[in-house]
Amino acid sequence: MGKVLAICISEKKGTLKTEINEAKFIEDFGIENDAHAGKWHRQVSLLEFNKIDEFRKKGANVDFGAFGENLVIEGIELNTLSIGQKIKIGDVLLEVTQIGKKCHDKCQIYYQVGECIMPKNGIFTKVLNGGNVKVGDECSLDLDI
């Protein structure tokens, strides 16, 4: 069982995201008011808390959302999941569509933080079932679907 530690959104792609307490997840679209929402395979990005914590222990002072992640999750090793794996957070159901990403250019995140951990450790999902998610909500791998 995992837990949502942070929900982050931004107005533009490639920028740091800011934390919010609750978000509306829209089926086949993403998070309401987030720049990455849309009809594509990378609607919601997730990053495991341990990866951020490891980065902080190297001396970096980074807040949640610094790597452009929408959700910070504790208790699930996200980068070990497979494409097609489903993650359930209350009524919301996410499907893993991509593990990591290739950074073609150094984005704003790289210049502000000095490195980006999303290419190796982030995962991307699409929203199969919408609903509301709050910080502190439990999440789990959905083995039934």
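Reader: Why does glycine 84 count as partly exposed?

Author: Because its relative accessibility is 24%. Buried means under 20% relative accessible area and exposed means over 50%, with partly exposed in between (1.4 Å probe, protein chains only).

Reader: What kind of model is this?

Author: This is a predicted model, where local features need pLDDT of at least 70 and side-chain atom pairs count only at pLDDT 80 or more, while totals for chains, interfaces and linings use all residues. Residues are numbered from 1 along each chain as its sequence is written, and side-chain values use heavy atoms, with hydrogens and water left out.

Reader: Back to glycine 84: where is it found?

Author: Glycine 84 is in the loop between E6 and strand E7 (86-89). Helices (H or I, at least four residues) and strands (E, at least two) are DSSP runs, numbered from the N terminus.

Reader: And what is glycine 84 in contact with, leaving aside neighbours within four places in sequence?

Author: Glu95 and Val96; contact means heavy atoms within 4.5 Å.

Reader: OK, strands. Which strand does E1 pair with?

Author: E1 (residues 2-9) pairs with E6 (residues 71-74) in the antiparallel sense, over 4 bridges. Strands pair if DSSP finds at least two bridges between them.

Reader: How many bridges join E5 to E6?

Author: 3, and E5 (residues 44-48) runs parallel to E6. To get from E5 to E6, the chain goes through helix H1 (residues 49-57), making a right-handed β-α-β crossover. Right-handed means that, with the strands pointing away from the viewer, the path from the first strand over the helix to the second runs clockwise.

Reader: New topic: how many aromatic pairs are there in the whole structure?

Author: The search finds 2. Rings of Phe, Tyr and Trp (its six-membered ring) pair if their centres lie within 6.5 Å; planes under 30 degrees apart are stacked, over 60 edge-to-face, the rest tilted. Phenylalanine 49 and phenylalanine 64 are edge-to-face, 6.2 Å centre to centre with 75° between the planes.

Reader: Are those two buried or exposed?

Author: Phenylalanine 49 and phenylalanine 64 are both buried. Phenylalanine 55 and phenylalanine 67 also form an edge-to-face pair, at 5.1 Å and 85°.
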